Amino acid sequence: WEGAKVLTPVGFALGAWLLLSAFVDPIDRWRRKVSLTPAILGMALAHASLGVFVISITAVESYTRERDLALAIGESGKVGEFEYRLVGLERSEGPNYDALRGEIIVTQGGRQVTVLHPEKRNYWVQRQQMTEAGIESQWNRDIFAALGEDLGAGRWSVRAQVRPLVNYVWLAALFMAIGGIIAACDRRYRKGAEEVQ
């Protein structure tokens, strides 16, 4: 429960209620052998997705770990239970930019979780410096690192984040839209629209 806020339990409870209540009507109709129309299925999917959306937003807001680290090559810093170690920096070149590319090994409990390659890019034509984050998307979290400024003495600032369930925010939004489309395909709605015309 580290990182939990006052409204964290409320968010999880609301999300769980939306998710579970979405299936009440479809299950009841199935038990009574009443047909499941596209409107019922679409609304159930949309409401269940809304529940997942609320749960994932609550997790992201409550349990995201974020820290600015000052690392030299070979040094590491902790972000929650994750350790970020800067193992190298090298110059690289893209089609329209040159970059400083970092290599950061992320471990959890001594076990390697991922290797990230954040970059600081200098675009030749635009004369702009941009940061390209290194991101590892996993089923239950995103692990993120961005290379910041040269702090001198061989150290660089590194923005490190671990964001739980963030991908479910986008998946839930997608399935809410799909649920709305399924519901809109119900013949009753089309018939009503045709009568209005």
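1. Thr107 touches Glu81, Phe82, Glu83, Gln112 and Val113, leaving aside residues up to four places away in sequence. The model is a predicted one. Thr107 sits in strand S4, which spans residues 97-108. Its relative accessible area is 16%. The cut-off for buried is under 20%, so Thr107 counts as buried.

2. Next, the helix packing. Helix H3 (residues 38-63) packs with helix H4 (residues 166-184) at about 165°, and the axes are 7 Å apart. Angles over 145 degrees count as roughly antiparallel, so H3 is roughly antiparallel to H4. The crossing of H3 and H4 is left-handed. Their contact has 19 nonpolar residues, four polar ones and no charged ones.

3. How many aromatic pairs are there? The count is two. Take Phe12 and Tyr63: ring centres lie 6.4 Å apart and the planes are at 20°, so this pair is stacked. Phe12 belongs to helix H1 (residues 8-21) and Tyr63 to helix H3, so the pair ties together parts 51 residues apart in sequence. Phe12 is partly exposed, at 25% relative accessible area.

4. Tyr97 and Tyr123 also pair. Their ring centres are 5.3 Å apart with planes at 55°, so the pair is tilted. Tyr97 lies in strand S4 and Tyr123 in strand S6 (residues 119-123). The two are 26 residues apart, and the pair links distant parts of the chain. Are these tyrosines, Tyr97 and Tyr123, buried or exposed? Both are buried.

Notes. Residues are numbered from 1 along each chain as its sequence is written. This is a predicted model: local features need pLDDT of at least 70, side-chain atom pairs count only at pLDDT 80 or more; totals for chains, interfaces and linings use all residues. Side-chain values use heavy atoms; hydrogens and water are left out. Helices (H or I, at least four residues) and strands (E, at least two) are DSSP runs, numbered from the N terminus. Buried means under 20% relative accessible area, exposed over 50%, partly exposed in between (1.4 Å probe, protein chains only). Contact means heavy atoms within 4.5 Å. Axes are lines fitted to C-alpha atoms, for helices over the stretch in contact, and angles run from 0 to 180 degrees between N-to-C directions. Angles under 35 degrees count as roughly parallel, over 145 as roughly antiparallel, 65 to 115 as roughly perpendicular and the rest as oblique. A crossing is left-handed if the near helix is turned anticlockwise from the far one by less than a right angle, and right-handed if clockwise. Ala, Val, Leu, Ile, Met, Phe, Trp, Tyr, Cys and Pro count as nonpolar, Asp, Glu, Lys and Arg as charged, and the others, Gly among them, as polar. Rings of Phe, Tyr and Trp (its six-membered ring) pair if their centres lie within 6.5 Å; planes under 30 degrees apart count as stacked, over 60 as edge-to-face and the rest as tilted.
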